[in-house]
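Me: I would like to learn how to read a fold from its coordinates. Can we work through one model together?

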Amino acid sequence: MMAASVSLSRSLLALRPGAPVAPKVSVRGPDSLRAHGAAVGLPVGCAAVPELLELTGERAGERAGEGHDPYTRTVIEQAGILVAENSMKWSRLRPTPTTFDFAPADKLFEFAGRYGQLVRGHNLCWHEQLPPWFATTATKENAESLLVQHIQAVAGRYAGRVHSWDVVNEAIHVPDGRSDGLRKSPWLALLGPEYIELAFTTAAKADPQAKLTYNDYDIELDTEEHVAKRAQVLLLVRRLHARGIPIQAVGIQSHLQASGPRPGAGVLSLIREAAKMGLEVYITEMDVNSHALPGSADLQDAAVADVYKQYLNLVLPEPNVKALLTWGITDAHTWLNQSKQPWALRSDGARQRPLPFDDSYEPTPAFFAMRGAVDSARRPLAPADIMAPEKDSKDLYAPFAVPGSPGVAAPPALPASVVE
Ligand code: G3I
């Protein structure tokens with residue numbers, strides 16, 4: 001079992017010979033991102049890799065997370081909401097046109113159920129991660145039934161258990177030159193622009209409870225490219241809404257950069273325009289890429305944390321922002337350290353540090369920036385007001401005051417002003 005407390009990340013501490021011994025700070029139990037999110041009524045969580053999660057359960061008398069490997073433990077302790085990073089994409093679910101492999105997705109739902117976590121679904125319709133057979137099998141004649149059957153099978157299987165579905169992912173790509181901004185994707189080529197409405201209406205029938213979401217990236221900044229894309233995303237969402245298509249949320253992925261322009265007024269206006277339509281907004285895939293930022297790990301950490309702080313302080317106070325997920329929980333398993341693309345590789349060869357926990361499962365400055373922003377987003381109650389006081393270090397393993405967590409009483413109801 002790991003020590004109940006962890007030391008502050010190195011950029012927060014002076015690691016000099018003779019420097020004072022690092023103070024220990026807890027980031028677990030009531031001090032976790034999950035508990036701080038629950039305290040303000042905001043589901044906070046991350047993308048997870050089901051294949052890496054241990055589903056063995058705790059031994060009698062053990063608390064949630066105890067006895068697990070660091071990845072599993074951190075996901076249990078820190079996430080109140082999960083999304084499969086890859087396991088619910090077409091390529092993973094559909095080995096052949098006529099068969100499904102639900103094993104990793106089923107595992108994620110079982111895991112989340114055991115630990116009282118919500119689950120987002122990602123995704124039902126996307127131009128990427130289509131299985132190899134798709135290009136040779138899908139035709140204009142069968143594409144509609146392929147899409148409809150897929151959504152019926154997948155959304156239907158998990159109906160009633162999904163917080164929100166990314167029904168259509170990344171459908172806008174302004175450089176493709178269409179006046180409606182739609183990406184020239186396989187779905188567009190096969191079915192025309194109506195594929196988007198088809199996906200949403202089919203998903204609504206398959207899972208009437210999930211919040212149906214349009215999810216996209218590069219819509220956070222006020223650069224020319226982001227402004228143009230954001231405008232097309234908003235127009236698309238407005239068209240769907242005006243036609244009575246069942247859409248309840250917009251996902252702002254939030255893959256941000258440590259250097260360069262920062263998000264500002266534009267993303268706020270998108271969130272507020274969504275609110276006017278009664279739509280929720282989720283920060284669905286946040287991380288901060290520092291490939292272009294020269295300098296030490298400490299400098300990376302400081303810049304990354306500053307982006308978390310500034311961005312989340314900007315968007316989280318908006319009342320229709322209803323969930324916050326990072327794209328992974330640890331730098332040990334981030335797509336930014338797996339990709340060999342120029343936009344992911346640092347010139348010094350160092351690994352990126354885009355997430356709340358580093359390669360060694362130490363909290364990064366981004367963790368504290370994120371937790372602070374969550375606290376100040378809707379600050380009705382301090383965690384101490386809703387969590388049992390710590391008795392000894394073992395209590396740091398205590399499950400979290402999230403309704404549904406095993407073995408924990410539900411926290412007192414939040415005041416109406418918080419719940420809205
Ligand atoms: O699992 C195979 C492995 O067997 C094989 O040896 C290896 C060789 O390349 O590939 C592995 O699959 C990779 C997979 O990630 C798991 O690591 C795929 O090649 C790779 O393409 C895939 O990348 C994922 C990417 O989506 C796919 O487009 C990333 O993990 C995932 O983080 C990323 O997530 C997307 C969201 O879905 C949508 N928004 C953007 C976000 C980041 O790109």
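Predicted model: local features only at pLDDT ≥ 70, side-chain atom pairs only at ≥ 80, totals over all residues.

Me: Next, the strands. Which strands does β5 pair with?

Reply: β5 covers residues 118–125. Strand β4 (residues 81–84) pairs with β5 in the parallel sense, over 3 bridges. There, V83 has R120 as its bridge partner. β5 also pairs with β6, again parallel, over 4 bridges. H122 and D166 are bridge partners in that pairing.

Me: Is β5 enclosed or open?

Reply: Count its buried residues. 8 of the 8 are buried, so β5 is largely enclosed by the rest of the structure.

Me: What continues the pairing beyond β6?

Reply: β6 (residues 164–169) is joined to β7 by 5 bridges, and the two run parallel.

Me: How do I read the two faces of a strand?

Reply: In a regular strand the side chains alternate between the two faces of the sheet. Sort the residues by face, then check burial. In β7, K211, T213 and N215 lie on one side, with L212, Y214 and D216 on the other. Both faces are covered. With 6 of the 6 residues buried, β7 is therefore largely enclosed by the rest of the structure.

Me: Which residues of α9 are buried, and where do they sit around the axis?

Reply: An α-helix has 3.6 residues a turn, so residues three or four places apart point the same way. In α9 the buried ones are K229, R230, Q232, V233, L236, V237 and L240. They cover an arc of only 165° around the axis, which puts them on the same side of α9. Their packing partners are α8 (195–206), β7 (211–216), β8 (249–252) and α10 (265–276). On the face turned away from the buried side, E224 and A242 are exposed. After α9 comes G244, with a positive phi near 75°.

Me: What about a loop residue? Is L221 buried or exposed?

Reply: L221 sits in the loop between β7 and α9. Count C-beta neighbours inside 10 Å: L221 has 20, so it counts as buried. Leaving out residues up to four places away in sequence, L221 touches H226, P261, P263 and G266. Compare sequence and space as well: L221 and L256 are 35 residues apart in sequence, yet 8.9 Å apart C-alpha to C-alpha.

Me: Last, which residues are around the ligand?

Reply: List the shell, then sort it by class. The residues are E85, N86, E128, Q129, Y217, Q253, E285, W335 and Q338. By class, 2 are nonpolar, 4 polar and 3 charged.

Notes
Residues numbered from 1 in each chain as written. Buried ≥ 20, exposed ≤ 12 C-beta atoms within 10 Å, placed from the backbone. Arc of directions from axis to C-beta. Contact = placed C-beta atoms within 7 Å. Near = placed C-beta within 6 Å. Nonpolar A, V, L, I, M, F, W, Y, C, P; charged D, E, K, R; others polar. Pairing = 2+ DSSP bridges.
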